[in-house]
Amino acid sequence: MKNLPVHMARWSAVHPWRGIVGWFVFVVLCLGIGISVGTNAATTEDFRIGEAGRGEAIAAEGALQQRPVEHVLITAKPGAGKLDIAAADSAAADVAARMRKLPEVLSVTDPVRGADNTAVRVTVTMKGPELEGKEHVDPLIEQTAAVQKANPGLRVEETGSPSISKGVDKLRGDDLARTEMIALPVTLITLLLVFSSVAMALVPLLLALSSIAAAVGLTMVASHVFPDNGISTNIILLIGLAVGVDYTLFYLKREREERARAGGKLSPQAVVELAAATSGRAVVVSGLAVAVSSATLYLADDVIFSSIATGAVLVTLVAVVSSLTVLPALLAKLGMRAERRAERRAARGLAPKKQKTQRTGPGRLTAAVLRPVAKHPVAALTVTVVGLLALAAPVLGLKLTDMGRETHSRSIEAMQVYDRLNAAYPELKSMHQVVVRADADRSPEVTAALRELAADVKDDPRLSGTSQLTTSPDKRISMLQLQVPHYVSSDKAQSSLKDIRDTYLPETVGQVKDAEFAVTGDVARYTDYPAHQEQKLPLIIGALLLVTFAMTVWAFRSVVLGVVGILLNLLSAAASLGILVMVFQHTWAEGLVDFTSTGSIGTRVPLFLFVILFGLSMDYQVFVISRIREAALRGVPTRKAVIEGVGSSAGVVTSAAVIMVTVFASFAALHIIEMKQIGFSLAVAVLLDAFVIRMLVLPSMMLLLGEANWWPSRGVRRARRSTEQAPRPLESVS
């Protein structure tokens, strides 16, 4: 009773109003400070990865970096026949004149007709960094709409990176609002079924939402160290609702059990202390495991994963703090209110209100599952492991790609225009940018080498044959832009990049003394990001395994359980990833899950799945094994302790899993394909972890290991000897 969770719970239970008010002051302060300092958004420089990133940095030195670009496309209206070229040229001239007057615009090209005169386009380059274009694109869209209104016989529309990004952000916001509308009611209904009390059901939900609010504010502050790329709020919602409700649920269930066991003989404060001494410690260990596991994402050296790590770490730690401070205070207040009600009933001569019996053993379904596991642990372990390995087998065919622009939902209007633009002007689909840095006096050599390269690839069928050579004012930086009439994910685009880097460049620019060169552009970005992730993956997985092992050994003083934890988490993650590959790399489930298959998995998904799942799996692992260890420390034989611990924790683990699956599955309804894959994979992973790993694999392994589970800890053995040496009650002696 001397550990930190108990101290914190005791203080909060004795001073409930201070604990409650203090928590909400903390939440308001976090939000207030966060809003006052603002969010430090990631810049273009933060996204530079690999050779493509190096090329972008060189180009930026000469002010040749990519700018936000919009295209205004003018075509005939559907069903109107051929395009009236004269009217289209007039509309294009109007567009160009309007755009040149805007302060957001850097330059406007002359109108360009399509090869078969079915379209006319005007390309507008905006001022400022590439990532900031979406914040200033509205005036351009308004001018395009004005030209459309003035030319009702034509179709005048706009697309480009800024307008697409703006559409994606709006779609993501709408999706998240819809997700909340699904997840929150289902979570509340689940909690009502668990507790049969509106007050007790609302407590976990309110604490989770307040933890999310505090974490959002803290993330704004943290963004000044780890720039935010805009995804951290999504992660806070995804992880915060899951762990926030789970931690509160674990604590509440234990408090109810202790209250029922005490039978009114203990004060509400004492009952809260008992819950803190057991589930409180499990919550701390689980929360630290999730936070430390999530922190391994910082090793990816990538702004996106840094944002994910920051959001996950902060919301998890805040959820732990809420369960150790305001939750005990709320439980104490609810307990005192229940006591006063009982006293008033007694004063009126009424019988005490009948309390719902708290089940401490396994339910019928759990008992039915555990019975064959207890009788035939070898068979249960063999069948489940073989089944999980079969589910994991598709991982061998895993194909990772960065989800490029062309994978965005076509419900975004700018994406529909994007398709029509690429059909009329295929050379705009992607590009290579060959960037060279050399001394100014070598500029003629560099220019000659780049022109030679352009001549070498002019007839390459994988390229459009068009090129543009630009040199910085100081003559130190030169860039050759080659248009690629294929999407970045196509084999032709990929192979052309490889040949330029490995063959054409060394034979031309590579011959210029002391010249530094790199290939960047759409295709290079798409290629280099997955390569960077694959390079970092072994480091992160290694750190993740080490962290999981260390946290389990620290929690249970057992090396054996540390190894078991690693094996189970690997098995669960591999099976989940295998199911993800089966669903999303093929087309058979497109109608079921509402997506269009890209034939690949997003490059960030497996790493995110492994890291977050390893952390979340510790929730169930710590909670279940804590129950088993409690029984073992009371002197219960390990075999009986395993069945008792798994059975007594099954109800709360199942409830927690239902809530987590609901939250994650609601993210699977998003239109953003990578977020859809993340939500789906996490929902599947939690289902497998809660209902297969913790109900079948874990108990069968622990039954087979027996006393070896606790090696090298001596605590269980000492407890066993103490029980055996304790004097037997007189009435039990025959």
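Phe584 is about as tucked away as a side chain gets a label for: with a relative accessible area of 0%, Phe584 counts as buried. Keep in mind that this is a predicted model.

**The Phe584 neighbourhood**
- Phe584 pairs up with Phe680: the ring centres are 5.4 Å apart and the planes sit at 75 degrees, so this one is edge-to-face.
- The two come from distant parts of the chain, with Phe584 in helix H18 (residues 559-584) and Phe680 in helix H22 (residues 673-705), 96 residues apart.
- Phe680 is also buried, at 17% relative accessibility, because the cut-off for buried is under 20%.
- Phe595 joins in too: ring pairs link Phe584, Phe595 and Phe680 into a cluster.

**The Phe250 and Phe623 pair**
- Altogether, the structure has seven aromatic pairs.
- One of them is Phe250 with Phe623, whose ring centres lie 4.4 Å apart with planes at 15 degrees, so the pair counts as stacked.
- Phe250 belongs to helix H8 (residues 232-262) and Phe623 to helix H20 (residues 605-633), so the pair ties together parts 373 residues apart in sequence.
- Both partners are buried: Phe250 has a relative accessible area of 1%, and Phe623 comes in at 3%.

**Charges over rings**
- Arg121 has its charged end over the ring of Tyr425, 4.8 Å from the ring's centre.
- Over at Tyr487, Lys429 lies over the face of the ring, 4.8 Å from the ring centre.

Key:
Residues are numbered from 1 along each chain as its sequence is written. This is a predicted model: local features need pLDDT of at least 70, side-chain atom pairs count only at pLDDT 80 or more; totals for chains, interfaces and linings use all residues. Side-chain values use heavy atoms; hydrogens and water are left out. Rings of Phe, Tyr and Trp (its six-membered ring) pair if their centres lie within 6.5 Å; planes under 30 degrees apart count as stacked, over 60 as edge-to-face and the rest as tilted. Helices (H or I, at least four residues) and strands (E, at least two) are DSSP runs, numbered from the N terminus. Buried means under 20% relative accessible area, exposed over 50%, partly exposed in between (1.4 Å probe, protein chains only). A charge sits over a ring if NZ of Lys or CZ of Arg is within 6 Å of the ring centre and within 35 degrees of the ring normal.
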